[in-house]
Amino acid sequence: MWMVFIKEMKEVVRDRKTMFFMILLPLLIFPLIIGAVAYFSTKAAQDAQSKTLTYAIVNAEAAPHIDAALAKADGFKRLSLPANTSIDSWVKSDGADFVLAVPPDYDADPLQAGNNNLELYYNGAGFNAIEARLNTLIDPIAKANQRAAFDRLEITPAQQSAIMAPIVIKDINVADERENIGEVLGGLVAYVIFILCLQGAMIPAADLGAGEKERGTLETLLISPIDRHKIVLGKFLTIATAGVTTALISVLSMAVWGILVGQSMAIEVVTNFMGAIGLIDFLLIFLMLIPVVAIFAAVLLSLSIYAKTFKEAQSYMGPLVMVIIVPIVMATLPGIELKGIWAWVPLTNVALAMKELIKGTMDYYQLIGIFGSTAVIGGGLLVFCVHWFNKEKVLFR
């Protein structure tokens, strides 16, 4: 078994493609994801705020102060609504970014008019900041009208505040900062690590089964004085080692890049969050991935052994990504916690456990059951893989 393992590991190390998926991809994926999300979200927000918005006002003479505020503001360009044209169709055809319709009974005095309902027509199919930018202009006008009405009624500022908000709910979040951030990032981290582990094991798995069939070296290995189950174990350990290596590098990359990004960008929240996750939690995250990688390795090797060619093996392994994604995505949904039946759903329970470890709310005794059940599934799939390998109609189909 160990001779097969050493032989296969040497071939894996020589393969540049495999080494890329095992080492370089996990090291690069976290900074790329963090950098890309930060860059594009920031750029989209800046573009939406700086874009010159074209607009038209219907019945502008009824609200001259609003018309004047828009005319003076930077980043707004007024157009005329074409005659006999529907506002809906004009905005939808990009005639203008928005149209503001002022009601005929508009009155700046809220005591007389009550609520003035302005109608804002815009295309909300894409990301824009039309409503937010318009509110920055209209809110001061509305508050000025409100203050004038209160002054006429001789209501003090304290009374004004009480009238506007007679009941105030003060939020007191008992969750700490780590728990709040971990709830958001925990599921994403598990998703990325699982996919990387699968990708890291997929390339060597396809080569060790179907690849050997194509090269004609599988027959030579079968006639050697080595028991078939030892051949399977040697190949399985090679694939599992590739996956575990990817898992280890992924966890280390997550920790290192999280700390570096927090310090270099002076993001105190990120720095504190990464500092709050102890070494034991990172170690447990890594250990939880070992039986998961065993499941991946057994399934991938079974598919590779069945395939006739390397290309056929890849076609079988491709849909496996979608199968893996479903239980991981379940762990990110609101309301799904590491309780009840979810503690026993394969892969979902591991993703939830990783999420709890990142949040710092893990019941460590639960890890025993989760690790054990996942290991049993991995062992069962390995037994099936050995049985699969002993079938001549599978090896030489």
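Q: Is the crossing in which helix 13 passes helix 14 left-handed or right-handed?
A: In this predicted model, helix 13 passes helix 14 in a right-handed crossing. The word right-handed is used if the near helix is turned clockwise from the far one by less than a right angle.

Q: Which residues make the contact of helix 13 with helix 14?
A: Helix 13 contributes P327, M330, A331 and T332, and helix 14 contributes T348, A351, L352 and K355. By class, five of the residues in this contact are nonpolar, two are polar and one is charged.

Q: What makes helix 14 roughly antiparallel to helix 15?
A: Helix 14 (residues 348-359) and helix 15 (residues 364-389) have axes that cross at roughly 150° and come within 10 Å. Angles over 145 degrees count as roughly antiparallel, so helix 14 is given that description relative to helix 15. The crossing of helix 14 past helix 15 is left-handed.

Q: Which residues of helix 14 and helix 15 make the contact?
A: N349, V350, A353 and L357 of helix 14 meet Y364, L367, I370, S373 and T374 of helix 15. The contact of helix 14 with helix 15 has six nonpolar and three polar residues, and no charged residues.

Q: Why is helix 12 described as roughly antiparallel to helix 14?
A: Helix 12 and helix 14 pack with their axes 10 Å apart, at an angle of about 175°. The cut-off for roughly antiparallel is over 145 degrees, so helix 12 is roughly antiparallel to helix 14. On the helix 12 side are D281, L284, I285, M288, L289 and V292, which meet V350, A353, M354, L357 and I358 in helix 14. The contact of helix 12 with helix 14 has 10 nonpolar residues, no polar residues and one charged residue.

Q: How do you know that G378 counts as buried?
A: Buried means under 20% relative accessible area. G378 has 4% relative accessibility, so G378 counts as buried. G378 is found in helix 15. Not counting residues up to four places away in sequence, G378 touches I295 and A298. From C-alpha to C-alpha, G378 and V293 are 8.3 Å apart in space, though 85 residues apart in sequence.

Q: Why is E356 called buried?
A: The relative accessible area of E356 is 14%. The cut-off for buried is under 20%, and therefore E356 is buried. E356 is in helix 14. Its contacts, leaving aside neighbours within four places in sequence, are with L338, T361 and M362.

Q: What makes D94 and E154 exposed?
A: Exposed means over 50% relative accessible area. D94 has 65%, so D94 is exposed. E154 has 70%, so E154 is exposed as well. D94 is in the loop between helix 4 (87-92) and strand 3 (98-101), and E154 is in the loop between helix 6 (130-152) and helix 7 (157-164).

Q: What value does phi have in D94 and in E154?
A: Phi of D94 is near 65°, and phi of E154 is near 55°. Most residues other than glycine have a negative phi. Both D94 and E154 are residues other than glycine with a positive value.

Q: Which residues have the most contacts inside the largest nonpolar core?
A: They are F194, L198, F296, L300, M354 and F389, in a core of 68 residues. Helix 12 gives the most to this core, with 15 residues. Leaving aside neighbours within four places in sequence, L198 is in contact with F296, L300, L320, V321 and I324. A second, separate core has 18 residues, including F76, L134, I138 and I141.

Definitions and conventions: Residues numbered from 1 in each chain as written. Predicted model: local features only at pLDDT ≥ 70, side-chain atom pairs only at ≥ 80, totals over all residues. Heavy atoms only, no water. Axes fitted to C-alpha atoms, helices over the stretch in contact; angles between N-to-C directions. Helix = DSSP H or I, 4+ residues; strand = E, 2+ residues; numbered from the N terminus. Parallel < 35°, antiparallel > 145°, perpendicular 65-115°, else oblique. Contact = heavy atoms within 4.5 Å. Nonpolar A, V, L, I, M, F, W, Y, C, P; charged D, E, K, R; others polar. Buried < 20%, exposed > 50% of the residue type's maximum accessible area, 1.4 Å probe, protein only. Core = buried A, V, L, I, M, F, W, Y, C linked by side-chain atoms within 4.5 Å.
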